Each structure stands twice: as C-alpha cells, then as structure tokens.
Amino acid sequence: MVLSFTAPKNWQDFELLSKEVAKKKFDCDFDLFGRAGQKQDGIDVIGIDKEYQHIGIQCKHKKADAPKSKKIHLTISKKIIDEEIKKADGLKPPLNRLILATTSFRDAALQRHISSINLDRTKKGLFKVELWSWETFEEELNNHSELSYLYYDKILKTHKQYDKDMNILHVLT
C-alpha cells in the first residue's frame with residue numbers, strides 16, 4: 001500500500017526531512033547549512049556525494065490553506081526558482097547540483113522550466129538544478145520505512161502499517 005503523507009507544519013521540520021531524504025537518496029552525509037540570519041547563498045542543506053559532487057538543497061516550505069487542511073495552496077514560481085539559482089551561483093566552493101525542495105505539488109510548467117535551465121547551464125559548465133516536489137518526498141517516505149517511522153508514526157498506525165518491532169529496530173540502528 002502506498003501511503004500519502006502531510007507536509008511538515010514548519011520549515012524547520014521540512015529542512016530536517018529534506019536532509020534525511022538526501023542522505024537516503026545519495027547514500028552519504030548531509031548537514032544543515034549555517035543558521036537563521038546567516039548568509040547562506042540560498043542553501044539550507046549541504047553534502048558531498050560518493051563521487052565528491054558538492055550538493056546544495058534549498059527548502060521551500062509552503063503552508064496549508066487552513067490549520068486543519070491538508071491541501072497545499074501555494075507553489076513556488078519560476079521567479080523564485082531563478083532567484084534561488086542566482087543566490088546559489090555565489091556559493092564557494094561552487095555546487096555541482098542544486099536541489100530545490102518544496103512541499104508544493106509536482107508542476108509540469110516548473111519541470112519544463114528546470115529542463116530549459118539545465119540545457120543552458122550544462123553548456124556553460126554550471127551546476128545542475130533539480131526540483132523535488134512533495135510527491136518526491138512521499139515516494140522516499142514509502143521507499144524508506146525508517147524515515148516514515150521517524151517522522152510519521154501516527155500515519156502508519158492509522159493505516160495499520162505500524163510495526164512496533166520494526167520501529168524499535170529503526171531507532172536502534
């Protein structure tokens with residue numbers, strides 16, 4: 001059974017989730033970058049993969065319509081994407097990959113925009129840009145039960161997918 005998950009309620013939890021998903025996807029370590037109020041060049045999470053590629057993640061947490069709503073009403077725009085890329089271009093040492101992680105849903109227009117940007121940036125030898133929508137996070141949460149147990153044990157219990165022994169095992173490892 002594929003489960004749906006609600007986005008974290010605040011940007012801090014979303015940054016932590018983004019860090020943990022990146023660790024699973026790239027099988028390497030990632031850290032939060034800097035702290036609130038510091039110049040971060042548009043980067044919230046940073047890491048180096050096994051091929052020594054420098055990866056930065058900019059997290060864009062979007063709020064729900066109402067306190068009890070699960071629907072996300074805001075999306076990031078092409079303008080925001082372009083602004084975040086420009087900020088990340090200033091990071092030293094330079095990135096090999098920038099991931100724009102958002103709690104917004106997948107959007108074909110934004111995916112086309114990212115593809116167009118990557119064609120241009122590749123010709124110039126600049127970093128690649130990726131867009132992780134909320135569906136990307138749901139896929140990773142479904143693929144990595146330890147993340148589900150860490151962040152969404154209540155949802156697992158509601159859908160009778162919770163296994164107490166598995167949760168204990170994940171906590172101990």
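1. The model is predicted.

2. Backbone geometry, Asp27. In the loop that links α1 (11-26) to β1 (30-32) lies Asp27. Its phi is near 50 degrees, a positive value in a residue other than glycine. As background, most residues other than glycine have a negative phi.

3. Backbone geometry, Asp41. A positive phi of about 50 degrees also occurs at Asp41, which is not a glycine. Asp41 belongs to the loop between β1 and β2 (45-48). Is Asp41 buried or exposed? Asp41 counts as buried because its relative accessible area is 17%, and the cut-off for a buried residue is under 20%.

4. Backbone geometry, Pro93. The peptide bond between Lys92 and Pro93 is cis, with omega at about -5 degrees. Pro93 is located in the loop between α2 (78-88) and β4 (97-102). In general, most peptide bonds are trans.

5. Strand pairing. How do β4 and β5 run relative to each other, parallel or antiparallel? The two strands are parallel and are joined by five bridges. Within this pairing, Leu98 stands opposite Val129 in β5.

6. A right-handed β-α-β unit is formed by β4, helix α3 (residues 108-123) and β5. Strand β5 spans residues 128-132 and is mostly covered, since four of its five residues are buried.

Methods. Residues are numbered from 1 along each chain as its sequence is written. This is a predicted model: local features need pLDDT of at least 70, side-chain atom pairs count only at pLDDT 80 or more; totals for chains, interfaces and linings use all residues. Side-chain values use heavy atoms; hydrogens and water are left out. Buried means under 20% relative accessible area, exposed over 50%, partly exposed in between (1.4 Å probe, protein chains only). Two strands pair if DSSP finds at least two bridges between them. A crossover is right-handed if, with the strands pointing away from the viewer, the path from the first strand over the helix to the second runs clockwise.
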